[in-house]
Amino acid sequence: MPVSPAYHPDPRFPDLGGDYSDRVEPADFPNTTLRFRNNRAAVEVGLDSLSDVEWIAHFGRFQPLPGQPGPMAMRYHGHQFRSYNADLGDGRGFLAAQLRETPVDAQAASDRVASVSASRGRLLDLGTKGSGTTPWSRGGDGRLTLKGGMREVLAATMLETLGVPTSRAFSLIETGEALQRGDEPSPTRSAVLVRLSHSHVRFGTFQRAAWQERPDMVATLAEHVRSLYHPAVAAGDTPGLLRAIVEASARLSARWIAAGFVHGVLNTDNLNVTGESFDYGPWRFLPQYEPGFTAAYFDQFGLYAFARQPEAVFWNLTQLAGCLKLVADAEPLTEALNSFGPAYIRELRAAFLARLSVLSVSEEADQTLLDATLAFLREAGADLRWEPLFFDWFGGFASSARALAGPRAGLYHGETFEAFRAALFAHESDRPERLEDPVFAAVDPEEMLIDEVEALWAAIADRDDWGPFAAKLARLEAARRAWDLFR
């Protein structure tokens, strides 16, 4: 296979042994039609030289890449809506490959996950969704609907555009099966998705080892995570490892909030040790500021509502800390756990500054801007929505004339707005030259509201028209480059 010289296989998960995974066979699909390939991500891992035929062979038929051991389904447990479930694991996916990020992109990688050495490049995983049954399928068919795959591509792309640490959709291949589902019209089309992410180790991976009362497994897993994902932490410093995971999780939580994103299912098996968002099922982006907004119809009590997401992440971190008590003293673990609150507030201020493209002044001034922004979003409601405020006022004072001449100018008045504007103008613009990009000449920003998602799917379902989907992804890439958040 003619892969790029930049392709560096580095399969580390087998080093842990069979206590953590099971070798599996992928499904044999009746058809494989390539619908999406992430060429930019492929460059980063040395797989950009693959032809479409080779791409399908590896990511639709799952012929192992050179130097890779073949598919492995991960074992884990988890709290699902805070009820413990010991009958979990990769039920429709597996770890397909582990490889190193190319050196040219290592600095960008270290910016995304600051604890990883840039000189080596991040260890990255190619994981699947919809690739067939495993020992952990629990009676399911191990498949993914094409609509579900398309939605995951859109969610991951939008989150990356907004600077949220996220897995990236790497490949989407339609697989030619008719699936029966209770939550969408059936039969429906099938697909297999491949994600590129930084770590496969979930909080639930630790929970399984703790549930089995295996401190040896917890210790082995902790050292695996420390050495590969948080090497700045000293060997054997389990509280230090927890603190690193807490800080990464606080950053993720803050950036979800700044992006107006609701994950929907924040169970312990849906959070990982690098603070990277993944597994997008019933996600939503806020149409307007609404703290109680939920993404999942089955979240009847709003456990994972928009404004409760930091609380949910912290609760999950307490479960991780409980597992680590098998190998470390409770007091330093508690101290590490309690660093979440201050880290979250610090990261939230930084996230809002980045979204508004202004520089920090002081903790007090930055907090005033955060509070004023949320107050104005709350008051303006559906007339303004979430994303347009950040688009109109990107760059602070440098965008004033543009915002006040735009379609939402009539909303920019009143006492609450004046408080927001005063707080914003107290901050210097960050890289105002970005406003020269054609993206900012548009009337409206790129959003990802549910009506648009459904319209993109309707074009595919009704006419097999992938043009609107591809055009949306192209616009998001243009926005990502123009906004250039969290540099």
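**View 1. Strand β10 and its antiparallel partners.** Eight bridges join β10 to strand β11 (residues 188–197), and the two run antiparallel; L172 stands opposite L193 in β11. This is a predicted model, in which local features need pLDDT of at least 70 and side-chain atom pairs count only at pLDDT 80 or more, whereas totals for chains, interfaces and linings use all residues. Residues are numbered from 1 along each chain as its sequence is written, and side-chain values use heavy atoms, with hydrogens and water left out. Strands are DSSP runs of E with at least two residues, helices runs of H or I with at least four, numbered from the N terminus, and two strands pair if DSSP finds at least two bridges between them. Strand β3 (residues 33–37) is also antiparallel to β10, joined by four bridges, with R37 opposite S171 in β10. Because nine of the 12 residues of β10 (residues 168–179) are buried, this strand is largely enclosed by the rest of the structure (buried: under 20% relative accessible area, 1.4 Å probe, protein chains only).

**View 2. The largest nonpolar core.** This core, a set of buried Ala, Val, Leu, Ile, Met, Phe, Trp, Tyr and Cys residues joined through side-chain atoms within 4.5 Å, has 121 residues, and F206 and F420 have the most contacts inside it. Helix α7 (residues 238–259) gives the most to this core, with 12 residues. A second, separate core of 27 residues includes A27, A41, L99 and I173.

**View 3. Helices α4 and α15.** Helix α4 (residues 146–161) packs against helix α15 (residues 450–463) at an angle of about 135°, with their axes 11 Å apart.

Note on methods:
Buried < 20%, exposed > 50% of the residue type's maximum accessible area, 1.4 Å probe, protein only. Axes fitted to C-alpha atoms, helices over the stretch in contact; angles between N-to-C directions.
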